Amino acid sequence: MSTPLLDRTAETSVPVLDVLAQRWSPRAFDAKTPIDENKLAAALEAARWSPSASNTQPWRFLVARRGTDLHTQIDEALMGFNREWAGTAQVLIVALSEDVDAEGNPRPWAQYDLGQAVAHLSVQAHADGLYVHQMGGVVRDQLRTIPGVEDRFTPTSVIALGELGDPSDLSEKLQQRELAPRTRRPLSETIIAIA
């Protein structure tokens, strides 16, 4: 069962879709409840239907449910403080980009398209009441040793996915991060030029 937190809705400078304003990346995940398989399938299906250059779909995922050997392998590849909290997530997903196709041709847009697929996954998951936290702090070479990860696939990030947990289960330092105000730089500092 999900544990409600304070309202984390972003204070946007102009209105955006509720699902986007309300989406955030927690570290406290429910450590007991199993994943809702229909919601997981919907998140993966949303990723499947994201845009890609020439419909090449250069993304792959390793999907590991908590309690499996694969979940443990992925958790052990996490770096730093990610190891403190991510293992409680109901699912850990390795996001891989196919930087070279099966014939050896480079796909310079692969990581961009992977990012779109993960964004679609994140929005669908949030719309269904799940939460996603993406991590770049991973030992990529360790992830490459997992069976099925061919040389042409580049492990890019790990995604913790699941229901919200209780922030009081986190260390004091992580609780502070969990409850800190959400911030973004102003839109005017993001746009380099506009005409």
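Biologist: Before we start, what does contact mean here?

Modeller: Contact means heavy atoms within 4.5 Å. Keep in mind that this is a predicted model. Leaving out residues up to four places away in sequence, Ile74 touches Leu62, Ala64, Leu92, Val94, Leu143, Ile146 and Val158.

Biologist: Which residues have the most contacts inside the largest nonpolar core?

Modeller: They are Ile74, Trp85, Leu92, Met135, Leu143 and Val158, in a core of 26 residues. Strands E1 (59–65), E2 (91–98), E3 (131–135) and E4 each supply at least two residues of this core. Another core lies apart from it, with 17 residues, including Ile35, Leu40, Ala47 and Val118.

Biologist: Thr154 sits in strand E4 (residues 153–162). Why does Thr154 count as buried?

Modeller: Its relative accessibility is 16%, and buried means under 20%. Thr154 therefore counts as buried.

Biologist: What makes the link between the side chains of Thr154 and Asp99 a polar contact?

Modeller: The link is 2.5 Å, and the cut-off for a pair of N or O atoms is within 3.5 Å. Asp99 is also one of the residues in contact with Thr154 once neighbours within four places in sequence are set aside, and others among them are Ala95, Gln111 and Arg144.

Biologist: Now to helix H2 (residues 37–48), where Ala41 lies. Why is Ala41 called partly exposed?

Modeller: Ala41 has a relative accessible area of 43%. Buried is under 20% and exposed is over 50%, with partly exposed in between, so Ala41 is partly exposed.

Biologist: How far apart in space are Ala41 and Ala125?

Modeller: They are 9.5 Å apart, C-alpha to C-alpha, and 84 residues apart in sequence.

Notes. Residues are numbered from 1 along each chain as its sequence is written. This is a predicted model: local features need pLDDT of at least 70, side-chain atom pairs count only at pLDDT 80 or more; totals for chains, interfaces and linings use all residues. Side-chain values use heavy atoms; hydrogens and water are left out. Helices (H or I, at least four residues) and strands (E, at least two) are DSSP runs, numbered from the N terminus. Buried means under 20% relative accessible area, exposed over 50%, partly exposed in between (1.4 Å probe, protein chains only). A polar contact is a pair of N or O atoms within 3.5 Å; within protein, one must be able to donate a hydrogen and the other to accept it, and residues adjacent in sequence count only if both atoms are side-chain atoms. A nonpolar core is a set of buried Ala, Val, Leu, Ile, Met, Phe, Trp, Tyr and Cys residues joined through side-chain atoms within 4.5 Å.
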